[in-house]
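Subject: Structure handover and findings

Dear colleague,

Please find the structure below, followed by a short account of what was found in it. I would be grateful if you could read the account with the model open.

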Amino acid sequence: MKYFPLLILLAAGAALAAGTARPVDIRLYSLHKLSAIALETEGAVYAEGRLLKGTARVSVKGPGVALDGDLKAGPFKTLRLSAPGGVWMSGPGLPRRRYIGELAFSADKKKLKIVNSVPLEIYIGGVVTGEASDLSQPEAYKAQAVAARTYIIKRFKAHAGEGYNLCDSTHCQLYTGTGNMSKKALAAAEATRGEFLLYKGEPAATFYHSICGGRTEDMTSVWPYESKPYLVSVKDGPPGRPYCAIAPRFQWKTKIYFTGLTRLARSSGWILPDEQALGLRVTRWGPSGRAAELELRTQRRPVKFSATSFYHDVGRRAGWQAVRSTFFRVLAGKDYVLLDGVGNGHGVGMCQWGAEGMARKGFKYREILKHYYPGTETGHD
Ligand SMILES: [Zn+2]
Ligand SMILES: [Zn+2]
């Protein structure tokens, strides 16, 4: 991952502020329960209009929040900080992160609530930094920036009534500030500023995943949502040479012993506590070639369940690297099964490594987006 020199980032921030930058309100540290946080200034930081220097601390005090340090003040109902030059935040058990823009600290049920108002394109730069860190092509980054921006605009109402647009966890999109912002990601956000992926004039549902394995999946085969004409299975490149074949670990193999399979099947409720898994096979394939339905054999009976729930349950219990997709076949062993698969992720929408592969072949980001979301067009809102 590349790190962005501070001065260039500041210049980019200033350019955005001068342009049509619209701010987006992000709740920070949304998965943590905080009562205080430490601040370290970087460049000019103002607290309630007064210059803040060095370090300070914001903590919950009664129904409000107080500022400790040189500028001891408060409690305030809402403490407003302006950090055009960046401020680092840290605390026990908290990742240390850098944020820029406006910050509002308040108390919510005796816990600290921090909302960061940041220009949309800087936020998109942060999201793309996390999403595209393995990729290298600028056009792939741009495709990712448009997809992320469109995805996010559709989520703006997810926290309606809570006083902010988005949270900083994967519930919305992971945003960890500007401390490790990649230059390519921010440049891609800038280059595609205000651009969305539209279907019949409306923002599209821009799902994406890491590696499709040669063919993307129709959304309705994965989730019980209403079908979308642009979330259909597309072939990812010429026969036998998918665009995403350049991905490290395009192919994978995972051995699952019957003992492990038994534990999984019991905890998922597919079999009873006295049943043992003695085999696994694919009984139905989806239109893209992914496994759709699996059958597990015990000493008493066969049990069927969807490949998607198998993928999710293994992921939740053993990590997402064990079974990386539902694009696999099952080979039988003596006391185990071998899953021989390709791809990584659910397979719906844009294939991120395919976007990288297309960009290496000279495709531009709009062509990449049209390939993965057929019938859509980019446009401004
Ligand atoms: Zn959220
Ligand atoms: Zn692909």
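What share of the contacts in the protein chain with a separation of 6 or more comes from residues 24 or more positions apart? The share is 63%. Please note that this is a predicted model.

Overall picture

The protein chain holds eight helices and 22 strands. Its C-alpha trace spans about 70 × 50 × 35 Å along the principal axes. Of the 381 residues in the protein chain, 45% are buried.

One open sheet consists of three strands in the order 15-20-19, and the pairing is antiparallel. Strand 15 (251–257) and strand 19 (328–332) are the edge strands; each has a single partner strand, so one side of each lacks a neighbour in the sheet. On average, and with direction ignored, neighbouring strands of this sheet are turned by 20 degrees against each other.

Strand 20 (residues 336–342) is joined to strand 15 by seven bridges. Within this pair, W252 has G341 of strand 20 as its bridge partner. Helix 5 (residues 258–267) packs on the sheet, where it touches strand 15 and strand 20. The direction of helix 5 makes about 85 degrees with that of strand 15.

On the other pairing, five bridges connect strand 19 with strand 20, and the two run antiparallel. L331 is placed opposite L338 in strand 20. Strand 19 and strand 20 form a hairpin, with three residues between them.

Helix 6

Helix 6 (residues 307–318) has twelve residues, which at 1.5 Å a residue should span 16 Å; the C-alpha atoms at its ends are 16 Å apart, so the expectation and the model agree.

Which residues of helix 6 are buried? They are A307, T308, F310, Y311 and V314. These residues cover an arc of only 165 degrees around the axis, and therefore lie on the same side of helix 6. The cover over the buried residues of helix 6 includes helix 5, strand 17 (291–297) and strand 18 (302–306). Just after helix 6, G319 adopts a positive phi of about 95 degrees.

With kind regards

Conventions: Residues numbered from 1 in each chain as written. Chains lettered and ligands numbered in written order. Predicted model: local features only at pLDDT ≥ 70, side-chain atom pairs only at ≥ 80, totals over all residues. Pairing = 2+ DSSP bridges. Helix = DSSP H or I, 4+ residues; strand = E, 2+ residues; numbered from the N terminus. Axes fitted to C-alpha atoms, helices over the stretch in contact; angles between N-to-C directions. Contact = placed C-beta atoms within 7 Å. Expected span 1.5 Å × (residues − 1). Buried ≥ 20, exposed ≤ 12 C-beta atoms within 10 Å, placed from the backbone. Arc of directions from axis to C-beta.
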